[in-house]
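Dear colleague,

I am passing on the structure we spoke about, and below it I have written up what I found when going through it. Please read the notes with the model open beside you.

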Amino acid sequence: MASRSPHTRIPLVGGNWKMNTTRAAGLELSRAIAAAARANPAAEVAIYPPFPYLAAIAELAAGAFRVGGQDCSAETSGAFTGQTSAGMLIDTSCSSVLIGHSERRHGLGETDAILTRKLARAIEAGLMPVLCVGETLAERESNRAHDVIDAQLRGSLAGHPEASLANLVIAYEPVWAIGTGRTATPDDAAEAHRTVRQTLADLYSARFAERTRVIYGGSVNAKNAADLFSHEEIDGGLVGGASLNAADFATIIAAAAARCQA
Ligand code: PGA
């Protein structure tokens, strides 16, 4: 499928802090990220801090970057100890949420059946959902990456009409590249992103597939970001480790913004 010019999809850089930082360190990092985001208005920046710090960071961000949850409940409210609803994220000035990060799919056993319900709650609340998909090393080595990505998308998007998915972002994150220092080559990532768009076109429409942002995650760093983002299929990145370093993350944001000037 022919790709539209990258200029038509606003690049997105997400910083997934996972279970890292303290409140003080998170606020300090956020100040530097706000400055980097303001200096690079061509890129959109979203930060996913630990839940207890969301409110303070959202206040500090003051719109310079999006703040989002690393997860939300598949339920709306009630007796679900330890869970956080999509509505609570909105109430805490969040505007985005990660759905189905591999550390939840593989680490906590979250299935597509659960994720499709989480996605529904995120959409109802008005959050920008970032749906994560990606194959394991064994799946890649047995040439099943394409099928796994396709099946995860079909499973997680089941029951969601195109009209409800205007803000959807897909993060392609090969499990073997997350936190390992091993990055997919830009060509491998771009091929996976084409798979994502083929599935979206098949499920919905070519127009929807071309319009939807697909970002890459898995050991994105200050050195490889420009190379990855220069590929027209790669609309930005979901960054773990390197999002905890202000200077490195600023370089990654600038690399995404530079895509618009390319
Ligand atoms: P990483 O994490 O950049 O540390 O590999 C990416 C992610 O888990 O989103």
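**Helices α1 and α2**

The buried residues of α2 are covered by parts of the chain that include α1, β3 (66-69) and α3 (86-91). Please keep in mind throughout that this is a predicted model. The residues of α2 that are buried are Leu-54, Ala-56, Ile-57, Ala-58 and Ala-61.

Just after α2 comes Ala-62, which takes a positive phi of about 45 degrees, a positive value in a residue other than glycine. Ala-62 sits in the loop between α2 and β3, and with a relative accessible area of 57% it counts as exposed, because the cut-off for that class is over 50%.

An α-helix has 3.6 residues a turn, so residues three or four places apart point the same way.

**The ligand**

There are 13 residues around the ligand, and those that come nearest are Lys-18, His-101, Glu-173, Gly-179 and Ser-219. Sorted by class, this shell holds 4 nonpolar, 7 polar and 2 charged residues.

Lys-18 lies in the loop between β1 (12-16) and α1, and its phi is near 55 degrees, a positive value in a residue other than glycine. A polar atom in the side chain of Lys-18 is 2.7 Å from an oxygen atom of the ligand. For His-101, an N or O atom of the side chain is likewise 2.7 Å from a ligand oxygen atom, while at Gly-241 a polar backbone atom lies 2.9 Å from an oxygen atom of the ligand. On its own the ligand has 290 Å² of accessible area, and the protein covers 95% of that.

**Two side chains to look at**

Thr-212 is found in the loop between α9 (206-211) and β7 (213-217), and it counts as buried because its relative accessibility, 3%, falls under the 20% cut-off. A polar atom of the Thr-212 side chain lies 2.7 Å from the backbone oxygen of Phe-208. Once neighbours within four places in sequence are left aside, Thr-212 is in contact with Arg-9, Leu-168, Ile-170, Arg-197, Leu-200 and Asp-235.

Arg-117 belongs to helix α5 (residues 112-125), and at 36% relative accessibility this residue counts as partly exposed. Not counting residues up to four places away in sequence, Arg-117 touches Ala-74 and Glu-75. Although Arg-117 and Glu-75 are 42 residues apart in sequence, their C-alpha atoms are 7.8 Å apart in space, and a polar contact of 3.0 Å joins the two side chains.

Notes: Residues numbered from 1 in each chain as written. Predicted model: local features only at pLDDT ≥ 70, side-chain atom pairs only at ≥ 80, totals over all residues. Heavy atoms only, no water. Near = heavy atom within 4 Å. Polar contact = N/O pair within 3.5 Å; in protein donor to acceptor, adjacent residues only side chain to side chain. Areas by Shrake-Rupley, 256 points an atom, 1.4 Å probe, with all protein chains shown as cover. Nonpolar A, V, L, I, M, F, W, Y, C, P; charged D, E, K, R; others polar. Buried < 20%, exposed > 50% of the residue type's maximum accessible area, 1.4 Å probe, protein only. Helix = DSSP H or I, 4+ residues; strand = E, 2+ residues; numbered from the N terminus. Contact = heavy atoms within 4.5 Å.
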